[in-house]
Amino acid sequence: MTAADLRQAVLDHLRFSIGRPAAAATPRHWYQALALAVRDRMQDRWMRTTETYLGLRRKVACYLSAEFLLGPHLGNNLENLGIEAPVRAALAQLGQDLDELLACEEEPGLGNGGLGRLAACYLDSLATMQRPAIGYGIRYEFGIFDQEIRDGEQHEVTDKWLHHGNPWEIAKPDVTYRVPWGGRTEHQRDADGRLQVRWLPATVIRGTAYDTPIQGYRVDTCNTLRLWSAEAVESFDFQAFNAGDYQQAVHAKVASETVSKVLYPNDEPQLGKRLRLAQQFFFVSCSLQDMLRLLLGAGEPAEHFDRHFAVQLNDTHPAIGVAELMRLLVDEHRLDWETAWRTTVASFGYTNHTLLPEALETWPLELFREFLPRHLEIVLEIDRRFLDEVRARFPGDEARAARMSLVEQTGERRVRMAHLATVGSHAVNGVAALHSELLQQSVLRDFHELWPERFHNVTNGVTPRRFLALANPGLRALLDRTLGEGWPTDLARLRQLEAHADDAAFRRQWREVKRANKERLAAYVRAHTGVEIDPDWLFDIQVKRIHEYKRQHLNVLHIVARYLRLRADPQLDLPPRVFVFGGKAAPGYAMAKRIIRLIHAVAETVNADPAVRTRMKVVFVPNFNVQNAQLVYPAADLSEQISTAGKEASGTGNMKFLLNGALTIGTLDGANVEIREEVGADDFFLFGLTAAEVARVQRDGYRPAEVLAANAELRTVLEAIGDGRFHRGDAAAVRPLVDDLRQRDPFLVLADYAAYVDCQARVDRAWTDTERWTRMSIRNCARSGKFSSDRAITAYCDRIWGVAPVPVPKA
């Protein structure tokens, strides 16, 4: 761990692993050598952790997720190992700069947004808190697309994150499983009269494990993220090749590898739906087979599965695991149905992440019949037995039985994956107090009435190691001096900052840290957009997936109103402000792409207008990801959390801003409710309809035209956008967006506009009082401790999984 040891290790890897003399090495070669040297220092911990878990003497949490948005590994591993200083010294001796090498790392594009980033935070906390755990997912060859902006429009570019290799993973070609697909089933009775079912698949794919170490913070625990890559069982047809059919010779290889080729293929066409289902089944089957292998290897019978594994479904993507574990236990390990079902339910937990009906996965029954014929039989049998229970509990209520069935009974028959996950799990949780409440009142109300004891709330959390200690080194140093160095694993200690909010010297240091962070972001924005922004201005930031319910367009309406006010009265007393956006729109989501186009059109006009550009600027950070998020969150003065109340499950960006001392402007939605409870009403800029009010407005028949008729400024804003003033006269560019707001406004943007603009005026007044703002910023950070992922993981482990700490012995 000394600088001398690390220097020699880097040189050794450069020579023996990379095969480059130092004189011919590029920064990328140095990065790869350094990554391997750091991985070596994790390897011993990793192996000791694995040896500690072998034998399954303690229960292991297995986190199944279609996404793991890990972020760059190197900086995080240096932080968790506590070796950044000796690494910097070692590299300096070699004439290399650590920051330059950190910039060489390709970000693993294994996630789309909050779902995948949450999974990554939870892996970090599990390792830090020394809880036995394995993350299971897919090793996508191409991850979430890279976003390029051309003429204000999003263009998706292939994310070739593996182009230069991945020094952090270790391929395990000896850990493979066969995954069947398609075909038919055969039913017969054995000598004892028991039903035996054989699945005769049309195709078999092989899943191969790739393991990545997940190092805990300043502990010896190093858990495993196991990702599956799809391969053909026979990758080359020699006979076809010799016959001259070269394409057929590799057909099986190409077809099989497609399964793990790309994150979230477009599922609009039928082929896309089939591929999405194949991906979900593929990684779940490999993962459950892997757990059973570990179980049997430890000398335990299959019926003890639930005693040794707690399997968490991160949303509905892995929900097919309920049927797959039943298949493995009943068909492969010969358990009777009742024993297998008890084991399955006791093993699984299900986290719901959405209340949006369109996001609750369902699959056509015929798709199941064609490609998962055995699983359809199992799902229908689960459904039959479950509905018997429902009818016994609620006799004569056939409407309830139809609502709760695992299969949609009206129109096209479809398998409801959220229902399958709920019925097949002993615990179901939402991810914020409001979300869990709404989940029990709406989407899963019938299930809650049947099994209230199964329902829990576990409010999301984020890791302070990456999103404060690593992302904000200036604040980290100030906290170390003020609180001592143990706060990254004991975030409750941040409360001690409140005592310093009235200390003028401390407030000055706090502002110096914030300004340095804003300078970093300003330099990044200048390099990637060409726009100059002033670090002394208020940084008003909204970065998240682009979606109508997240209401980036509400933000834009306020920006346009502000712009028009300043154009009308250049002497207007408004403090200068830069509005920062970032986020990706799903490739097939036309309205979200129009919002991106609108943001850029407004930015182009505002930033070029000499009458206002010294008072306001608008920028869009392209290709928002974990890497640039580590620049964005620490630089924010104001965090925009303005989704329609009742639509956001939790949000985690709100927590990352909070940790770094940003003030929040937001609705009572998702975790905003709990953030406001923690920080206090005086330090939170609240506006907008509540979830109950939103429901009432929509139930009573919402008419956006009436809102427009009552608000002259809002009419002017929409007219300015609609007449092409911000699109070089091209009124058609965003006409569908404007028309939708005028005619439907499904997410009540116009209904909340006046309250939002009034709230922004309160922000302006608060910002002009520098000392007051600084106190508010300090208190926001001080009261953010609840939102650590360590707290969330403790709740999962203690209340749902039954997974206790298992310290790894030191070498």
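**A buried residue and the spaces inside**

Analyst: Thr422 is buried, with a relative accessible area of 0%, where buried means under 20%, exposed over 50% and partly exposed in between, using a 1.4 Å probe and protein chains only. This is a predicted model, in which local features need pLDDT of at least 70 and side-chain atom pairs count only at pLDDT 80 or more, while totals for chains, interfaces and linings use all residues. Residues are numbered from 1 along each chain as its sequence is written, and side-chain values use heavy atoms, with hydrogens and water left out.

User: Where is the place of Thr422, and with which residues is Thr422 in contact, leaving aside neighbours within four places in sequence?

Analyst: Helices (H or I, at least four residues) and strands (E, at least two) are DSSP runs numbered from the N terminus, and Thr422 lies in helix 17, residues 417–423. With contact meaning heavy atoms within 4.5 Å, and with neighbours within four places in sequence left aside, Thr422 is in contact with Tyr350, Val428, Leu444, Phe447, Trp451, Arg454 and Phe455.

User: How are empty spaces found?

Analyst: Rolling a probe the size of a water molecule over the atoms shows where empty space is left. On a 1 Å grid over the protein atoms alone, a cavity is a set of points where a 1.4 Å probe fits but cannot get out, a pocket is an open set with protein on both sides within 12 Å along at least five of seven lines, and lining residues have an atom within 4 Å of a point. Grid points are joined across faces, edges and corners, and a volume is the space filled by probe spheres set on the points. By this rule there are 7 cavities of 30 Å³ or more.

User: What is the volume of the largest cavity, and which residues are closest to its centre?

Analyst: The largest cavity has a volume of about 160 Å³, and of the 15 residues that line this cavity, Leu70, Asn76, Asp124, Ile214 and Arg466 are the closest to its centre. Helix 3 (74–81), helix 6 (114–128) and strand 8 (203–215) are the elements that give two or more residues to that lining, with helix 6 giving the most, 4 residues.

User: What about the second largest pocket?

Analyst: The second largest pocket has a volume of about 440 Å³, and of its 23 lining residues the closest to the centre are Thr50, Leu54, Ile134, Arg226 and Leu294. Helix 2 supplies the largest share of this lining, 5 residues.
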